[in-house]
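Good morning, colleagues. Please take a moment with the sequence and the structure before I take you through them.

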Amino acid sequence: MTSSMRWRTLLVIVVVLLSAWKASYTFRFFSLSDDERAQMPAEELAAIENQSLRLGLDLQGGMHLVLEVDKEGLPEDEAHDAMDRALEVISNRIDQFGVSEPSIQQEGDNRIIVQLPGLQDEQRAKRLIGRTALLEFIPVEPPSGIDITFRSIDAALLRVMEEAGELPPEPEGDVQLSETEQIARERPFSSRSVYYSNLAMFPVEDVEWVDEQLARLDLNDVLPSKEGEPGVPRVRLGWGAEDWTLPDGQEYRALYVLEDEPIMTGSAVVSADVRPGLDADRPNSPGVSLRLTRQGGRIFAEHTADHVGDYVAMVLDGKVQSAPIIETRIPAGRPASITGSFTDEEARDLAIMLRAGKLPAPMRVIEERTVGPSLGRDSITLGIRAMLIGGVLVLLFMLVYYKAAGAVAVGALVANLLVIVALMAGLPVNPRPALTLPGLAGIILTIGMAVDANVLIFERVREELRNQKTIRAAIRDGYERAFMTIMDANVTTLIAAGVLLRFGTGPVKGFAVTLSLGILASMFTAIVATRVVFDLVTIRWNVKHLSI
Amino acid sequence: MEFLVGTQFNFLGHRRAAFILSVVLIVAGAISLFVQGGPKLGIDFDGGTLLQVQFERAIDAQDIRDALADVGMGDAEIQRFGGNREAIIRVAQAEEGIDLTGVILQALNEANPDNQAEVRREELVGPTVGRELRAKATNAILIALVLILAYISIRFEFKFAVGAVAALVHDVAITLGMFSLTGREISLPVIAAFLTIVGYSLNDTIVIYDRIRENRRKLYGRSFTDIVNTSLNESLSRTLVTSLTTLLVVLCIFLFGGEVIKDFAFALMVGVVVGTYSSLYVASPLVVEWQVHADARKRRRHRK
């Protein structure tokens, strides 16, 4: 036995044993039942998991979200670090939401990819992640302010309607209009509203109409402007988040006329907690109690002292969540509260968002892929079954067609699978490559393609044997001649896999990973390892007849 | 056991017939593509929302359609998936901010209160992302083709590279046509399958080219046509054995791998069969045609 052969034998044994050892963690982790996992100490389970293959979201179940941050309209200095702050806020929110091993990454200069494995309630997660959650404390205009605002909306709307020819025709002759009809003609907007507890309200069925009309107006010019600054409104409008049932039995929604400048924003909130009984009218529904910063508390105390009897609105993303009347000065240090008809979950999510802070800019979900846990499990079961059936068929074929040599090739195939699993679990890249459903298919495909190298070699060896060469010479020449062919053929597949690796996302990338690892591993197992076996058999044990 | 050893099939003699078969297959696919106005793109490339829902009991596709029509989504595409309890619902719109899944689920459960639906998979691709993915996929295929062409040109003569690329364009064209004929959608994994077909088809072709190169030295003096035919016969056993093992496993993925991955497996399956055929009947015969014409031109010039 030559020394180069001894080294090669050793190398093959070491690689196969190392791979088998590394792969054993994966087999162990996935053969554990749920009960066994529950009983195992958490650190021990985590240790095995860290050493084993990571499953992609499509096999494990989970959610993949791509969010786009809308930086338009942000001042330059804010746009600059908007992404960093958005990443931080989203991380905070997800941390509090409680998902194991979330991944939050920036892509390009305005996208964020969020991956949440094993997620149960994807609708809730989406709501929680995507909302801006800008909280503002804003004084509500008293009825006098509402009157001024609504008058000027009426006037502007009349002009627009006249231009559009939408005004009802003048009554002919001496037909007398009733007073209501007269008002409806002169004040098309405010005539639809009613006052109740000093707030202007519209019937719920008119809400859509109101939004449509407001959209026709250039509100900057219509709304009362700041002193000396025409075109810069000093108020804005905001719907209430919930509806009121007024004494006439109808449902109404308040249209708040808010001052433009908030007293303070969510940045004055230190902590937010869910509490029941914050609203005396609804002792059972939960609300969110806000602890304010020292400065925020002082500002709030000053404001409330000056505005007893007025409303102050808590506006979340432009919607008035609640607008309590200031009954007395709220001393600094006392928590503020947001109430409403929340469910427990809504209150909890609101608290999470307020604690985590607001997003620096609005965000949109531009891509989403969610796989339920049951589908992921089904995919694994089916994939492994396909792999076993395919593997057994290939094994039978190789044994029948190439006899003992076929057994060697099958052995190489098993070693190949071990190396793939070990590399997937142990590659020092972050994040570890994940096994996806197409990735599983890539491994199965490798089973078919990896034997190709052996087929090429064996066919060559058979040819050399037919040319009356000795067994030793036939093996040597067969391997040598087949080698270049195998290289050429594998390089083209590697090129395709390499391109996929660069352009692919998620599952497709998983396919490229297993395909290229499978090909690379097969170069070792199907060429080097099988050669060692044949050399051992023919030189060491001096076998004279080759079963091929 | 051995088969197909020492065969003397006249592959090149049938090359005209094979060309006709290839053209027929490609034209059939092209007509189908033309009639349908291009390949049927999945939401990955077209944008939209896709839901895979499973019901407690069997349900009629019509019931699902009716329930969706009630909420103004009568144009949703409903597809059977696996057994009769599962269906894929595809809606063209992917409007951000609207909880489409919630709306659909509510509509289904209200219409069939005693047969509740569960969402097993949800995919939303916005129009911008769809356009980007389309551009990325096109780029990936072009880059792969250029790189492969370059590699083969370096390793073999240029005419071989042309033959190989013609063969793989042939394979992808036929697979694409088969997708159109069977009404399957092109999604991201299917593009991955196409690229794999490209790699696989070349793998087969190159093995034969290698043999041709070797035989040109060994069988010096024999006609080029003869050399190629011998090479095809000599590598026939390997070509078929490898195709067989690969086809076996791909067939297993197609039959037992589950619905989610069926189209992907279908592409691979067609690709393996067509790829094997093309390395025997397209790639090498084209090189022969090229050589025969070049030789004829050379002879004519000599005669003058």
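In chain A, buried residues account for 41% of the 548 residues; a residue is buried if 20 or more other C-beta atoms, placed from the backbone, lie within 10 Å of its own, exposed if 12 or fewer, and partly exposed in between. This is a predicted model, in which local features need pLDDT of at least 70, side-chain atom pairs count only at pLDDT 80 or more, and totals for chains, interfaces and linings use all residues. Residues are numbered from 1 along each chain as its sequence is written, while chains are lettered from A and ligands numbered from 1 in the order in which they are written.

Chain A has 16 helices and 20 strands, taken as DSSP runs numbered from the N terminus (helices H or I, at least four residues; strands E, at least two). Its radius of gyration, over C-alpha atoms, is 36 Å, well over the 24 Å of the globule rule for 548 residues, so chain A is more spread out than a compact globule; that rule is 2.2 Å times the number of residues to the power 0.38. The C-alpha trace of chain A spans about 120 × 60 × 45 Å along its principal axes.

I turn now to chain B. The domain assignment, automatic or from a database, gives domain 1 (12-41 + 129-303) and domain 2 (48-125) of chain B. The C-alpha centres of these two domains of chain B lie 40 Å apart.
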